[in-house]
Structures are given as structure tokens and as C-alpha cells.
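Trainee: I would like to learn how to read a helix and its surroundings in a model like this one. Could you take me through it step by step?

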Amino acid sequence: MNKQQLANRIWASANKMRTKIEANEYKDYILGLIFYKFICDNEVNYLKNNNKWTDEDISTLKNYDPDHPENFTDEDQEIMEDLQRSIGYYICYEHLFSTWTKPDSGFSVSTLSEALKKFNRLLHKRFLHIYKNIFDSLETGLKKLGADPPSQTRVVKELIKLIKDIPTDGSQGYDVLGFVYEYLISNFAASAGKKAGEFYTPHEVAILMSEIVAEHHKNKDTLEIYDPTSGSGSLLITIGKSLSRHMADTNRIKYYAQELIESTYNLTRMNLVMRNILPSNIVTRNADSLSEDWPINSDGTVNETLYVDAVVSNPPYSAHWDATDRQDDPRFKRYGVAPKTKADYAFLLHELHHLKPDGILTIVLPHGVLFRGSENDGSEGQIRKQLIEVNNIDTIIGLPAGIFFGTGIPTIIMVLKQHRMNDDVLIIDASKGFVKDGKQNKLRPCDIRKIADTVRTRATIAGFSRAVSRNEIRQNGYNLNIPRYVDSAEQAEKHDIYATIFGGIPNSEIDDLQKYWDAFPNLRSEIFATEAEGPYSRIRTESVKDAICANADVKAWEALFAQKFDGFAELLHERLIGNVKEVNEMRELDTISTDIFGRLADVPLVDRYAAYQAVADSWAGIVADIETIQAEGLEACRMVDDNYKLVKKNDEEIEVADGRKGRVIPFDIIRVACFQKEVDNITTLQRRIEETASELDTIREEFTEDEQQEYLTDDETPKYDKKAITAAAKNKGGDVEPDTLDKLKRIVGLWNDNTRLSKELKNAETELDKATEAKIGSLSDAEIEAFLHVKWIDPIVARVRQACADVLTDLEKAVENLSRKYSDNLSAIDNEILNSEKELESLIADLTGDEFAIRGLRELIK
């Protein structure tokens with residue numbers, strides 16, 4: 001399994017096992033146990049790699065008992081102290097996670113409880129800030145896993161079995177553990193409702209914030225980053241990952257994290273440690289950031305200010321806080337004190353205070369901070385005024401609604417700096433760019449890239465972004481509400497009164513498509529003809545699509561697009577397939593997207609972000625394959641694995657076997673290339689089976705009532721009575737009507753055909769599966785490259801080309817809509833009614849009848 005498949009399986013099973021335990025609590029148990037597995041495997045790896053220990057040596061790690069130190073030899077003591085100095089802790093053999101997976105381990109919930117207590121007691125003092133009490137939530141929550149110790153043991157054993165396959169021994173060249181951990185956190189957040197906000201920032205929002213920070217600091221070789229409301233630590237980690245692609249040594253990033261809720265604070269520490277961040281680069285505190293500002297010493301004796309390169313946060317929205325006597329607090333003295341019922345600006349000013357002169361701050365806030373209070377009578381309005389006048393606010397990004405778990409509050413990202421060269425504020429309305437994902441809205445990669453590019457270039461884009469001068473903000477009373485500056489509302493549909501009455505298409509509405517006429521100068525006159533009277537036109541062609549496709553300007557534009565993307569497939573092949581062992585996910589995506597944007601620079605109309613999305617749509621699957629190949633070598637492309645699918649059984653979803661599949665190369669690609677004849681044969685057999693079923697349905701519909709009563713079941717949906725039909729078709733008594741007998745014999749014959757065809761189909765599918773599996777196992781390196789090209793490169797190229805085709809489709813739809821809009825004008829409808837009345841009058845006049853009938857018809861005509 002690749003990391004996504006492993007994460008999916010663990011989540012499905014874990015969620016099923018959760019039963020009635022709240023997702024917000026259950027996450028602490030399973031994530032805590034995953035972390036315990038990590039530290040156990042870390043100790044084993046250290047002993048094997050540094051001390052050259054074997055599994056037999058590891059089994060000699062004794063359980064240290066301070067009440068009986070005589071049982072611990074000098075050598076045992078030396079081993080324990082070496083581990084404590086090097087990795088920070090000591091775990092004996094009987095408490096190792098790998099020991100608990102053995103059938104004869106004798107594990108019980110008390111074993112886990114004792115192991116967690118021992119872990120805490122045997123920490124080295126240099127590592128206390130990393131590990132002390134890190135398992136408190138897991139330890140205190142064990143009782144919630146069952147009514148008694150035996151039931152608790154059963155649940156923990158199931159969890160151990162569930163997570164034992166997560167690789168943490170360094171054998172994988174990619175962060176499977178971190179991926180699974182992050183995936184579980186995000187899924188628990190989706191299930192936790194409002195509680196989700198306490199520990200999780202949606203990954204897409206974190207990526208957007210990280211792109212902005214990484215661009216600002218891309219030329220630095222050392223960085224310190226800080227999150228004062230760190231939650232699970234996911235936001236910090238995402239920022240660090242984005243920054244690392246610009247740095248040769250990722251160990252030159254230092255992480256500061258502060259979190260109020262203890263269980264969530266423990267998640268922060270676990271998440272950071274599992275990313276193999278050096279302990280010396282992790283500094284964390286379990287405290288209230290607003291009431292206990294960061295001291296330089298862990299004992300709090302010296303209260304020197306911490307200054308960092310970047311601060312990132314998603315603090316609780318409009319939280320209550322203690323604002324008493326804060327006027328002289330250095331964090332708030334210059335700007336003002338946030339109201340006690342809304343701590344949003346308190347968090348912002350706290351973070352701004354900790355920025356270095358060249359630092360950057362990105363913070364998620366509720367939309368209300370942009371306009372609540374005025375410059376004269378509200379503390380938030382006064383703070384906003386000061387931030388503008390001191391020139392700290394760099395960018396405001398309005399996010400789509402429904403993007404955060406558990407809240408529908410409209411949100412923004414605000415970007416601030418201590419010192420800026422420019423004095424305007426870039427305002428971006430990104431509320432319209434998203435995709436629906438279940439109940440949540442979600443930023444797409446193209447949305448993130450467009451926002452990040454706009455922040456970098458400070459471009460003004462109609463309906464999306466504008467750099468607003470400080471004077472304009474002053475004139476608006478320091479109200480920063482986004483619609484005041486950027487109008488992203490869709491234009492109301494126009495309705496021309498003359499065209500609605502008399503017909504014709506208003507030239508002004510054709511002018512609205514000017515971007516197309518600029519790109520295709522001769523196309524307008526080939527589609528539209530000007531009316532003799534007034535500023536109106538009509539469609540002059542029977543097929544708008546044909547007119548567009550035949551236009552010389554359009555053909556030249558298509559040729560330009562094709563020319564620009566000449567060699568694109570070869571470039572992708574070389575970078576992703578020819579260089580598969582060295583591919584770095586983030587750097588490679590940057591390189592490919594930059595190449596696409598460069599190719600499209602001189603091609604009008606094509607949305608470069610739609611082309612970028614074409615790559616992004618395939619990227620996750622490509623990266624999963626690349627990681628597999630980097631970990632296992634090209635041989636992984638010759639491997640075939642069992643396939644599983646989820647089915648419902650007794651109201652539960654269970655995994656069942658579902659054939660075989662290629663680990664990297666799909667069966668379908670092999671079959672199209674190598675076994676088309678066999679595929680066609682299977683398709684023919686399937687079609688013949690369907691035709692047989694259709695014939696049987698037709699005969700049943702032709703049954704008389706007597707035949708239905710005799711040869712169909714009494715079910716709600718009547719079916720053939722197989723036993724009765726088989727017996728009657730033999731007609732031993734000679735008492736079956738000839739017509740009926742003919743039908744019954746046809747039915748039996750079709751059943752026999754169906755049995756034979758189904759057997760042939762099963763045999764053909766089995767043989768094709770064997771042949772496909774054999775072919776995958778014998779692929780040459782050149783064939784593997786060719787099939788990877790089909791799987792990875794061809795879909796990207798096809799989607800990029802589709803971005804070009806979509807331009808013409810959009811134009812065709814726009815013209816067709818104009819045509820339909822004014823085709824049924826009121827004048828034409830009125831004439832049609834008059835003509836219909838005259839025709840009806842003429843028909844009625846031809847009718848004959850008695851005196852009273854004629855009088856009635858005359859009245860009907862009136």
C-alpha cells in the first residue's frame with residue numbers, strides 16, 4: 001500500500017472502532033499510541049544503527065526498577081544512560097511497541113499504563129521540554145476505552161494491530177508516518193464539529209499561508225517561526241515544509257509553539273518530533289499566550305522578548321480574554337487594547353510584537369475585525385487605524401465561507417510586517433474560488449496559486465484584487481470591509497427592452513465578449529450580422545460552433561497554443577520519469593508550473609491557473625507512485641498486489657478481496673496496450689450476456705395472463721419460475737399450448753446460452769488477469785517508462801489541451817445564450833398568437849350545425 005491507501009485503511013478501521021467516544025477525545029488515544037510506536041521504533045533504530053545491536057540484543061533491555069537497583073548491572077546502566085543522553089528516554093524490551101505485537105507478549109492495558117508512567121520517569125533533563133507528560137491524555141483516557149480492564153485491553157490490542165504497519169524505521173524514503181498522522185488529524189477534525197477549531201487548520205489554508213511566508217523568506221538560510229495557538233502543530237509543520245524547499249539544510253529552521261489546551265499542546269509536540277525535527281529546534285510551552293507572554297527561560301525568571309522571522313496562527317475567533325490593566329503591556333501600548341469579549345486583535349498584536357524587523361505575520365481572523373468599531377468610538381477601530389498609520393497591514397485575503405471545520409463564520413487571512421517599503425494595502429476577495437468537498441468548501445491548488453501569485457506581484461485584477469492607498473482607507477474611516485474596495489459580485493443579467501419586444505441581439509451585449517473579439521478580430525463579423533435598424537445584430541450562421549472552428553483567427557490561435565506546448569510532454573517525461581529517483585515533490589511542482597506559465601505568457605484567453613490545475617489534479621497520484629519507486633526501486637512497477645474493496649455487511653463496512661492490481665502500473669493500461677484482442681472478446685461476451693437478459697425480459701412481457709399465473713413467481717417483482725418452466729418445456733404430457741411451448745423452449749435455450757457465456761466470460765477474465773499479471777512482472781525498464789508516460793504524462797497533457805478547448809466552448813455557450821435570450825421576442829409571440837387565432841377562426845367557420853351550434857361557434861370566435 002502507498003501512504004494514502006494505508007491512511008485510508010487506518011482511518012476507516014479507527015472510525016469504526018470509535019463507537020460512542022467523541023472524535024475530539026478519541027484522536028488523543030490513537031494519535032498518542034502512534035506516537036508511542038514512533039518513539040519505541042526510534043530507540044530500536046538507534047541501537048541497531050549506532051550500536052549495531054541485533055533483535056536478540058534488544059530483547060536484553062531490562063525493566064529498570066528504582067526500588068531494586070541491584071537488578072541493573074553497570075552495563076545495563078550504561079546502556080540506559082546512553083539512550084537517555086542520545087534520544088532523551090529509555091524503554092525496556094517488555095514495554096517496546098514491537099514486543100506487544102508478538103503473540104506471546106502477554107500484553108494488557110495495565111502494561112501500557114505502566115509503560116507510559118515509566119517513560120515519564122526515565123526522561124533525560126535536556127529532553128523534558130519535549131517529552132514530559134506527553135502521554136497524559138492517552139494515559140487518563142484508557143478507562144474510556146471499555147467498561148473494565150479486559151474490554152479496555154481488547155480495544156488497545158485492536159489499535160496496536162491497526163497501526164503496527166505504519167513504517168517508522170526509516171526504510172521509507174518519504175514521510176509515511178507524518179502523512180498518516182496528518183490525515184488522521186484532519187479526519188478527526190471533520191468529525192469533531194466546533195471542537196475541531198481547537199486543534200486543526202485546514203491543510204489548504206495552511207499551504208496558502210506557508211506560500212506567502214516562504215516567498216517572503218526564500219533567500220534566508222536560517223529561520224525561526226512561531227505559532228502562539230499551535231493546536232496540533234500542523235500549521236507550523238506546513239510552513240516549515242514550504243520554507244525548506246528554499247533551504248539546503250532543513251535543520252536550520254527553529255520552531256516555537258505555544259498552546260493553552262494541554263491535550264492539544266501534546267499533539268503539537270508529538271507532531272513536531274515525528275517529523276524528525278531536532279529536539280534543539282523545538283521550543284514549546286503549555287500556557288495562555290495572551291496572559292503569559294513568552295519568556296526566554298523555561299522557568300520564566302527572565303522575561304526577554306522572543307523575536308522571530310515569521311509568526312503564523314489560527315487563534316480562536318472572538319474569544320473572551322482578561323483585558324484588565326493591559327494599557328502598559330508593551331504588546332498593546334502603541335496600538336490599543338482589544339475588547340475583553342473579542343481577543344482577535346489581542347492575538348494579532350501579540351504576534352506582531354514578536355516579529356523581527358524583516359519578519360512576516362500571517363493570521364486567520366473572523367471577517368468582523370475589518371469593520372467592527374470606528375476610529376473614534378471603538379477599541380478595534382482605533383487599533384485598525386494605528387495598524388494602517390504605522391503601515392503594518394500588508395495584505396487582506398477574504399476566504400470562501402464554510403472552509404473551516406465546525407464554523408460558518410466568514411474568515412480572512414491578514415498579512416502584516418514590521419517594516420514595509422510600500423504604504424498601500426493589497427485587498428483580495430478570494431471568496432468565490434473553491435470546490436465543494438462534502439459539507440466543507442475547499443481551496444483548490446489553482447486558487448492557492450492565484451492568491452499567492454497576487455500577493456507576490458500585488459496585481460490589480462478586476463473583481464479579485466486591488467492595492468488600496470492609505471488615503472482611500474482614511475476616507476473610509478479605516479473600515480477595511482472587502483466589498484468597499486473589491487467588487488466580486490456577479491454582474492446582473494442585462495435585459496434590453498427593445499430586443500425583448502422586437503428581437504435582435506443588442507450590440508452592447510456582444511461588446512461584453514470583447515476579450516474574444518480582441519483575440520479573434522474577424523470572428524465577430526462571421527457570427528453576427530448588423531440589423532438595418534438600431535444598434536442590434538442577429539446570428540448569421542446556422543452553427544455557431546462550426547463558425548468558430550472554421551475561423552482563421554481561431555485556427556491561428558490554436559496553432560500558437562500547440563506551438564507553445566511543443567515538447568511539453570517530453571519535458572514532463574524527462575523531469576518525472578527520467579529523473580524519478582531525484583524528484584522533490586514541491587520543487588518539481590514549482591518548476592513545472594513556472595514552465596506552464598511561461599508557455600502561456602503570449603497566449604490570450606487561456607486561464608493559466610486552469611492549466612496549472614490540470615497538473616495539480618494528477619499530482620497527488622503521481623507523487624504517490626514516485627515515492628513508492630524512490631522507496632522500492634523500479635522493481636515496484638513489476639509488482640502486483642491483492643486489491644480490496646469496502647462492502648456493507650450487517651450495517652458495517654468490511655474489507656473484502658477484489659482481485660489483483662498493479663502496485664504502480666494499472667492493469668487497464670497494460671490491457672489496452674498488450675491484450676486488446678482479449679479485451680474485445682470479453683466485451684463481446686458481456687454484450688451477448690446483456691442481450692440474452694434483454695430477450696428473457698421481452699418474452700416475460702409477452703406472457704398472457706394464464707402464462708404469467710403458471711410460470712411466474714408471486715414476488716412483488718415477478719420472476720421466472722425456473723422449476724415450472726423447465727418441466728413444462730419438456731411437454732411430456734403433451735398438454736402445453738404450442739405458442740406457450742415455443743416461448744418456454746426459447747427461455748430454456750436462453751438460460752443455457754447464458755450459463756455457457758458466463759462460463760466463457762469467467763474463464764476469459766481469469767486468463768486475462770493471469771496474462772496481465774505475468775506481463776507486469778516481466779516488464780522491461782523501457783516498457784515501464786512507456787507505461788508511466790501513459791499513466792502520468794498523457795492525462796496532464798490532455799487536461800492542459802482541454803484548457804484551450806474550454807475557451808472556445810465558453811465562447812460558443814455565451815453566443816448561444818445571447819441567441820436564445822432574445823429569440824422569443826414579444827412582437828414575434830404576439831404575431832404568432834394573431835396568426836393562430838385567424839387559423840382557428842377559419843377552421844371554425846367551415847364547421848356546420850344547427851342554429852344554436854352556429855351561434856355558439858360565432859361567440860367562440862369573438
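Mentor: Let us start with one helix: what covers the buried residues of H25 includes helices H11 (203-216), H12 (234-244), H16 (445-457), H23 (552-564), H24 (568-578) and H26 (608-632). Here a contact means heavy atoms within 4.5 Å, and buried means under 20% relative accessible area, exposed over 50%, and partly exposed in between, with a 1.4 Å probe and protein chains only. Helices (H or I, at least four residues) and strands (E, at least two) are DSSP runs, numbered from the N terminus.

Trainee: What should I know about the model before going on?

Mentor: This is a predicted model, in which local features need pLDDT of at least 70 and side-chain atom pairs count only at pLDDT 80 or more, while totals for chains, interfaces and linings use all residues. Residues are numbered from 1 along each chain as its sequence is written, and side-chain values use heavy atoms, with hydrogens and water left out.

Trainee: How many residues does H25 have, and what distance does it reach from its first C-alpha to its last?

Mentor: The expected span of a helix is 1.5 Å times one less than its number of residues. H25 (residues 585-600) has 16 residues and reaches 23 Å, close to the 22 Å expected.

Trainee: Which residues of H25 are buried?

Mentor: They are Met586, Glu588, Leu589, Ile592, Ser593, Ile596, Phe597, Arg599 and Leu600. Seen down the axis of H25, these buried residues fall within an arc of 165 degrees, so they line one face of the helix; the arc is that of the directions from the helix axis to the C-beta atoms.

Trainee: Is aspartate 325 buried or exposed, and is asparagine 391 buried or exposed?

Mentor: Aspartate 325 is exposed, with a relative accessible area of 67%, whereas asparagine 391 counts as buried at 12% relative accessibility.

Trainee: How many helices and strands does the protein chain have, and what share of its residues is buried?

Mentor: The protein chain has 34 helices and 16 strands, and 47% of its 862 residues count as buried.
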